[in-house]
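Hi,

Here is the structure I promised to pass on.

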Amino acid sequence: MHRFLLFCIGLILLAACSPEKPKAIWNPTVDLNGTPTISQVLPSGEQFFADMEIHIKGTNFSANADDNAVYFDSEKAAVISSSVDELVVRRPKLAGDSITIKVVVRDAYTFATFSPYKIEKVKEE
């Protein structure tokens, strides 16, 4: 009898509590920038000689260099300069035939990708 009474009291307390609604993950009031895109990367992999800068042309980049992040596969490149349609980055210290470039822009919903990109090893004579 005692257990049954405790069970009933617990059930009543549980039913009386109204669960809180979960907080929304998506905030519709946030003004997201447009989706960044990459249209061209210069120099192309075949034209790499001694170029230490890579120019990434596209749309919806941030004019503030700190708001852009550029990755060559998993290696982050240093952004030298930026505008809404072009980023200039330092050549990363990696080489490969099928490198994926990703541009991440602060307050953008998705990131831009460009693949495959070829970077040959630097050769000394």
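Let me start at the surface: Phe-4, Phe-7 and Leu-11 make up a nonpolar patch there, and together they have about 350 Å² of accessible area. A patch here takes residues with over 30% relative accessible area and no salt bridge, joining like charges within 9 Å and nonpolar side chains (Val, Leu, Ile, Met, Phe, Trp, Tyr) within 5 Å. The areas come from Shrake-Rupley with a 1.4 Å probe, and for residues only the protein chains shown count as cover. Phe-4 is part of helix H1, and its relative accessibility of 54% makes it exposed (buried is under 20% relative accessible area, exposed over 50%, partly exposed in between, with a 1.4 Å probe and protein chains only).

Before the rest, some ground rules. This is a predicted model, so to speak of local features I need pLDDT of at least 70, and side-chain atom pairs count only at pLDDT 80 or more, while totals for chains, interfaces and linings use all residues. Residues are numbered from 1 along each chain as its sequence is written, and side-chain values use heavy atoms, with hydrogens and water left out.

On confidence (pLDDT is the predictor's own score for each residue, from 0 to 100), the protein has a mean of 83, with 78% of its residues at 70 or more. Helices (H or I, at least four residues) and strands (E, at least two) are DSSP runs numbered from the N terminus.

E5 and E6 are joined antiparallel over three bridges, and Ser-81 sits opposite Val-88 in E6.

The other open sheet of four strands runs E4-E3-E7-E8, again with antiparallel pairing. Its edges are strand E4 (75–77) and strand E8 (112–119), each with a single partner strand, so one side of each lacks a neighbour in the sheet. Here the strand-to-strand twist averages 30°. Strand E7 (residues 96–105) pairs with E8 in the antiparallel sense over five bridges, and Lys-102 has Thr-113 in E8 as its bridge partner.

Finally, there are three salt bridges, meaning a side-chain nitrogen of Lys or Arg within 4 Å of a carboxyl oxygen of Asp or Glu:

- Glu-86 and Lys-57 meet at 3.4 Å, N to O. Glu-86 is in strand E6 (residues 86–90) and Lys-57 in strand E2 (residues 53–59), 29 residues apart, which links distant parts of the chain. Glu-86 is partly exposed at 23% relative accessibility, as is Lys-57 at 28%.
- Arg-106 pairs with Asp-67, their closest N and O atoms being 3.1 Å apart. Arg-106 is in the loop between E7 and E8 and Asp-67 in the loop between E2 and strand E3 (68–72), 39 residues apart. Arg-106 is exposed, at 52%.
- Glu-120 and Lys-118 meet at 3.5 Å, N to O. Glu-120 is partly exposed at 31%, and Lys-118 is partly exposed at 27%.

Cheers

Methods:
Two strands pair if DSSP finds at least two bridges between them. Axes are lines fitted to C-alpha atoms, for helices over the stretch in contact, and angles run from 0 to 180 degrees between N-to-C directions.
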